[in-house]
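Hi,

Here is the structure I promised to pass on. Have a look at it first, then read my notes below.

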Amino acid sequence: MKLQRMNRRALALGALAVSGALALTACGSDDTGGNTPGGSSNAAAPSNVKCDDAKGQLLADGSSAQKNAIDAWVKQFAAACQGVQINYKGGGSGAGVTAFTQGRVAFAGSDSALKPDEVEASKKVCSGGQGIDLPMVGGPIAVGYNVNGVDNLVLDASTLAKIFNNEITNWNDPAIKKLNPNAKLPDLKIQAFHRSDDSGTTDNFTKYLIATAKKDWPYDGGKTWQAKGGQSASGSSGLAQQVKQTNGAISYFELSYAKDGMKTVDLDTGAAQPVKATIENATKAISEAKVVGTGKDLALELNYGTKAEGAYPMVLVTYEIVCDKGNKSDTLPATKAFLRYIASEDGQKVLAENDYAPIPADIISQVRTTIEGLS
C-alpha cells in the first residue's frame, strides 16, 4: 500500500510539472468555464505553427470571455513551441488593459476597444508606438437563466433592460408573460446577477441595451456596471456559477460558459422568429461589423440593432491588445508567434469547436498582416 501511494504521488507531481510548463495558468477570477475546453485540442499540434525564435514566458491578462478559447489555443501552441510558457490571467478586460498600460504584460485581452486615454497611456510602454486592437475572438453573449419548470424563455431588449434595472422583479410579471404565453411562469423573485469587476462583457451587454432599449436603460454604458440593485459576482465563470446554483437567477456571459444543461434566453429582435444564442446566429450579426480603427488599429463597430432573420445581435468581439511598435525584445518573438497562430486558419477553427465565432475572413486577413508588422 505504501508503495502504491508513493507511485500515485509521483505520477501526480509529474503531471503537475508538465501542466505547469506547458498549459495555461489560469489565475484570477475566471478559473474555469465549467468544462474542459478544446475538445480534440489535446491532439498533436498543427504542423504549420511557426515558433521562430520564440522562447521564455509570456504574461497576459484580460477578458474572461475569451479564456476558454485561450485555454484551447495554448494546448495546441505549447505542443509545437515547447520553449514558450503562456500565463493568461483572465481577470477581466479592465484588469487586462490596466496591466498592459502599466507594462506588466506582453499583451492583453479586452472585449472593448481601447479608449483614447488608454491609447495615450499605452504610449509610455510602447516605445515609439502605441497599443492597437486586434479582433481575434467573436461570440454571442448568452443570457442564462434558472427557473424551475421553464425550459424555453423569450425576452426582448426592453424586458431585459427592466429586469437588470430592477424594474421587473418577479418571473410572472405581465411583460414576461406576454412574450411567453405558453410558459408556466412561477411567482418567484428574479435574482439578476451582474459583474462586480470591470468587464468588456458588461460593456457589450449594455451597448446592446443602449442601442435597442435606451428608454428603459438610461445609462452611459462602459466596463463598470452602473444600474442599481441586483447581485454581483466576479468573472464570467462566477456569474455562470450563480445561475447554476440559484433558482430564479438570470445573468449574462459568453456562450462557452453556458454549459451543463444551462438554459439560455431566445431574443425577440423584431425579426419573424426569436433568435437563439448560437455561434451561427452570432456570426450573422458579426458579419455586419465594420473596421473603424485608424492606422494599424482594427477596432470594430458592431451592429447591435440588427433585425436580420437569424442574426443574434447581443455579441462581443474580444481584441488582443499589443504594441504596434516598441514591444519588449525578450517577448516579441513569442508574442508574434502566438498571435500568428491564433489568427491562422487552424487557430480560428479552434474557436468554433469551443462555442466561439471565428472573425470574418476579410477582417482576420487584416489582423494577420498587422501581426507580421509588429516590432
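**A serine in a loop, then some helices**

Let's start with Ser199, which sits in the loop that runs between strand 6 (191-195) and helix 7 (200-212). Keep in mind that this is a predicted model.

Is Ser199 buried or exposed? Its relative accessibility is 1%, and buried means under 20%, so Ser199 counts as buried. Its side chain makes a polar contact with the side chain of Arg195, at 3.2 Å. If you skip the neighbours within four places in sequence, Ser199 is in contact with Ser93 and Lys223.

Now for the helices. Find helix 2 (residues 67-80) and helix 10 (residues 332-343): their axes come within 11 Å and cross at roughly 110°. Angles of 65 to 115 degrees count as roughly perpendicular, so that is what we call helix 2 relative to helix 10. Their crossing is right-handed.

Which residues meet there? From helix 2 you have Ile70, Trp73, Val74, Gln76 and Phe77, and from helix 10 Ala337, Phe338, Tyr341 and Ile342. Sorted by class, this contact has eight nonpolar residues, one polar and no charged ones.

Helix 10 also packs against helix 11 (residues 345-352), at an angle of about 60° and with the axes 4 Å apart. Helix 10 and helix 11 are therefore oblique to each other. Here Tyr341, Ile342 and Ala343 of helix 10 meet Glu345, Asp346, Gly347, Gln348 and Val350 of helix 11. This contact divides into four nonpolar, two polar and two charged residues.

Cheers

Terms used
Residues are numbered from 1 along each chain as its sequence is written. This is a predicted model: local features need pLDDT of at least 70, side-chain atom pairs count only at pLDDT 80 or more; totals for chains, interfaces and linings use all residues. Side-chain values use heavy atoms; hydrogens and water are left out. Axes are lines fitted to C-alpha atoms, for helices over the stretch in contact, and angles run from 0 to 180 degrees between N-to-C directions. Helices (H or I, at least four residues) and strands (E, at least two) are DSSP runs, numbered from the N terminus. Angles under 35 degrees count as roughly parallel, over 145 as roughly antiparallel, 65 to 115 as roughly perpendicular and the rest as oblique. A crossing is left-handed if the near helix is turned anticlockwise from the far one by less than a right angle, and right-handed if clockwise. Contact means heavy atoms within 4.5 Å. Ala, Val, Leu, Ile, Met, Phe, Trp, Tyr, Cys and Pro count as nonpolar, Asp, Glu, Lys and Arg as charged, and the others, Gly among them, as polar. Buried means under 20% relative accessible area, exposed over 50%, partly exposed in between (1.4 Å probe, protein chains only). A polar contact is a pair of N or O atoms within 3.5 Å; within protein, one must be able to donate a hydrogen and the other to accept it, and residues adjacent in sequence count only if both atoms are side-chain atoms.
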